[in-house]
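Work through the exercises below with the model open. Try each task before reading its solution.

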Amino acid sequence: MKHVGRLPAAVALGALFNPLNSSMIAVALAHIEAEFHVGIAAVTWLAAGFYLTGILVPPVMGTLADRFGPRRVFCAGLVTMAVTGVLAALAPSYPALLVVRLLQAFGSCATMPAGMAIVQAAMPGEDGRPPPRVIAMISMVLTASAAAGPVLSGFLVSLWGWRAIFLVNVPLAAVALVVALRWLPKARVDARGEARLPRLRPQLLATCAQFSLVNVIFYSAFFVLPLWAQRSAGLPAHIAGLLVLPMAGLAIVMTPVAMALAARAGMRVVLLLSAALLLAGSCVLLAVGPVGLAPVAAALLGVASAFSQFGLNSLVFVHADGRDTGVAVGFFQSSRYVGAAAASSLLGVLFDGTGMRGSALTMIGVSVVVLASGALLPVRRPAPSAGGGDRSGP
């Protein structure tokens, strides 16, 4: 098929807005607070409000994609990102910025569920998931864009101020929209348009819960490292953002490794190795005092996140009903922000009281839970009947 290579690239380009914008705000919060004089408690709603929207909206967007056409929902999300990018950059007050930020969250939540519904419809696999290389490409972009957010934001804020982190969405969304209109096929929808509740299997919900826990660790790291670097180590914003660069770089490098490991040793090994690396990175973070240890912790967590993103994203398609791909991916995307919201809430409580140590100890505790649950998480599709076979692969 002519669009096989282009389709995943178009979906990945559109899907990067959600994780990118969820993390870019981290470095800019102090600058926004200083300009509008609203206080730290109020300005953190730019992050918390985005995460709350990220929890509630993706399943709705996935349902809309399944019923009315994923290509329409995908493109509408990109248009929303472009418009809100301009409005946020021109915001005259903090309340106006907060409202636009919530609208931005709506737009960013549309592309991933809709895009993966297109992928599933156009490139179905025998084991219930698209080809592993497609999942690997999209997982790579999602993980790398989330980890790269503070790095990009640090440079944008240092050069042009906090408004630049919103304005950068405009050209990116324009390019993504042109690509989507040219390369995304029109996936068929249920012509009957009948209302029915989606089937959310327990295995799918367990996968989403595991992803939430992984993201508690992931988001804790890229919030606490730049904050610690600026407050405790006295580093400027653009240097503080660079401390999480290994998380972005290794997400790109190690995702193909995760794909190869899953093919050779099975998905269980990928999940357990990821959990072990999360634990190791959290332990290194506990020892951070010298700035040089921070990139080591980020590197370990970056590899772990690449493995988790690929492994758990693959399992969504194994455990989801084919007719409900959009809403299943929507719930999976929501679980990212359950973890992100928990991480940001814990950060506000722990960092002021104990600094890096409190966050690191929390990450260690959650990593232990992830390791234990990784040994129990279902990695195969249930047999369709008592005598059916297991076709999900490793």
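This is a predicted model: local features need pLDDT of at least 70, side-chain atom pairs count only at pLDDT 80 or more; totals for chains, interfaces and linings use all residues.

Residues are numbered from 1 along each chain as its sequence is written, and side-chain values use heavy atoms, with hydrogens and water left out.

**Exercise 1.** Find where confidence is highest and lowest in the protein.

Solution. Start with pLDDT, the predictor's confidence in each residue, from 0 to 100. Its mean over the protein is 83, and 88% of residues reach 70 or more. Helices here are DSSP runs (H or I, at least four residues), numbered from the N terminus.

**Exercise 2.** Classify the ring pair Phe218 and Tyr219.

Solution. Rings of Phe, Tyr and Trp (its six-membered ring) pair if their centres lie within 6.5 Å; planes under 30 degrees apart are stacked, over 60 edge-to-face, the rest tilted. The centres are 5.8 Å apart and the planes stand at 90°, so Phe218 and Tyr219 are edge-to-face. Next, check burial (buried is under 20% relative accessible area, exposed over 50%, partly exposed in between; 1.4 Å probe, protein chains only). Phe218 is buried at 5%, and Tyr219 is buried at 0%.

**Exercise 3.** Which residues does Ala89 touch, not counting residues up to four places away in sequence?

Solution. Locate Ala89 in helix H5 (residues 70-89). Apply the contact cut-off, heavy atoms within 4.5 Å. Ala89 touches Arg163, Phe166 and Leu167. Ala89 and Arg163 lie 74 residues apart in sequence, but 4.7 Å apart in space, C-alpha to C-alpha. Ala89 is buried, at 11% relative accessible area.

Notes
Helices (H or I, at least four residues) and strands (E, at least two) are DSSP runs, numbered from the N terminus.
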